[in-house]
Amino acid sequence: MAMARSYALLILVIAAAILMVEAKGVIEASHQIQGEYQLHRGGQYGPGSLKSSQCPSQCQRRCGKTQYKKPCLFFCQKCCNACLCVPPGYYGNKQVCPCYNNWKTKRGGPKCP
């Protein structure tokens with residue numbers, strides 16, 4: 001009985017160690033991606049990095065490859081005007097713009113494309 005508890009405890013400790021290593025890797029990758037965009041683009045991305053007059057062109061870029069252009073442009077411009085930031089690329093990379101990333105719908109889904 002004591003042996004079974006020892007094995008169970010050992011397995012839990014190993015699982016916790018693996019999870020900690022994986023979480024650290026994900027966090028480091030996130031920081032690396034964010035740093036790459038800020039360094040590569042000369043600090044072009046991030047909260048407050050745009051003027052409201054730049055939102056239409058940045059949203060055209062962001063929504064350039066979607067088949068749902070009108071709603072994408074509408075919500076992107078709404079988010080850009082509020083956050084003054086549009087993430088790089090056509091999809092994802094929202095960690096660069098926390099305001100853009102954290103704005104949710106009533107149902108909890110992402111509001112910004």
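Trainee: At what pLDDT do side-chain atom pairs count?
Mentor: Residues are numbered from 1 along each chain as its sequence is written, and side-chain values use heavy atoms, with hydrogens and water left out. This is a predicted model: totals for chains, interfaces and linings use all residues, local features need pLDDT of at least 70, and side-chain atom pairs count only at pLDDT 80 or more.

Trainee: What order do the elements of the chain follow?
Mentor: Helices (H or I, at least four residues) and strands (E, at least two) are DSSP runs, numbered from the N terminus. The chain has 4 helices and 0 strands. From the N terminus, the order is α-α-α-α.

Trainee: What share of the contacts with a separation of 6 or more joins residues 24 or more positions apart?
Mentor: A contact means heavy atoms within 4.5 Å. Take the contacts in the chain with a separation of 6 or more. Residues 24 or more positions apart account for 57%.

Trainee: How much of the accessible surface belongs to carbon and sulfur atoms?
Mentor: Areas come from the Shrake-Rupley method with a 1.4 Å probe; for residues, only the protein chains shown count as cover. Buried residues make up 21% of the 113 residues. The accessible surface of the chain is about 8,100 Å². The carbon and sulfur share is 63%.

Trainee: What is the area of the nonpolar patch that includes Leu 10?
Mentor: Like charges are joined within 9 Å, and nonpolar side chains (Val, Leu, Ile, Met, Phe, Trp, Tyr) within 5 Å. Leu 10 lies in helix α1, residues 2–40. With Met 3, Tyr 7, Ile 14 and Ile 18, Leu 10 makes a patch of about 520 Å².

Trainee: Why do the buried residues of α2 line one face of the helix?
Mentor: Those residues are Cys 55, Gln 58, Cys 59 and Arg 62. Seen down the axis of α2, they fall within one arc, taken from the directions from the helix axis to the C-beta atoms. They line one face because that arc is 100 degrees.

Trainee: Which backbone oxygen does the side chain of Arg 62 reach?
Mentor: A polar contact is a pair of N or O atoms within 3.5 Å. Within protein, one must be able to donate a hydrogen and the other to accept it; residues adjacent in sequence count only if both atoms are side-chain atoms. The Arg 62 contact spans 3.0 Å.

Trainee: What is the phi of Asn 93?
Mentor: Most residues other than glycine have a negative phi. Leu 84, in the loop between α3 and α4, has a positive phi near 55 degrees. Asn 93 is found in the loop between α3 and α4. The phi of Asn 93 is also positive, at about 60 degrees.

Trainee: How far apart are the C-alpha atoms of Ser 52 and Leu 84?
Mentor: Ser 52 is found in the loop between α1 and α2. Beyond its neighbours within four places, Ser 52 is in contact with Asn 81 and Leu 84. Ser 52 and Leu 84 are 32 residues apart along the chain, yet their C-alpha atoms are separated by 6.4 Å.

Methods: Buried means under 20% relative accessible area, exposed over 50%, partly exposed in between (1.4 Å probe, protein chains only). Patches are made of residues with over 30% relative accessible area and no salt bridge: like charges are joined within 9 Å, nonpolar side chains (Val, Leu, Ile, Met, Phe, Trp, Tyr) within 5 Å. A salt bridge is a side-chain nitrogen of Lys or Arg within 4 Å of a carboxyl oxygen of Asp or Glu.
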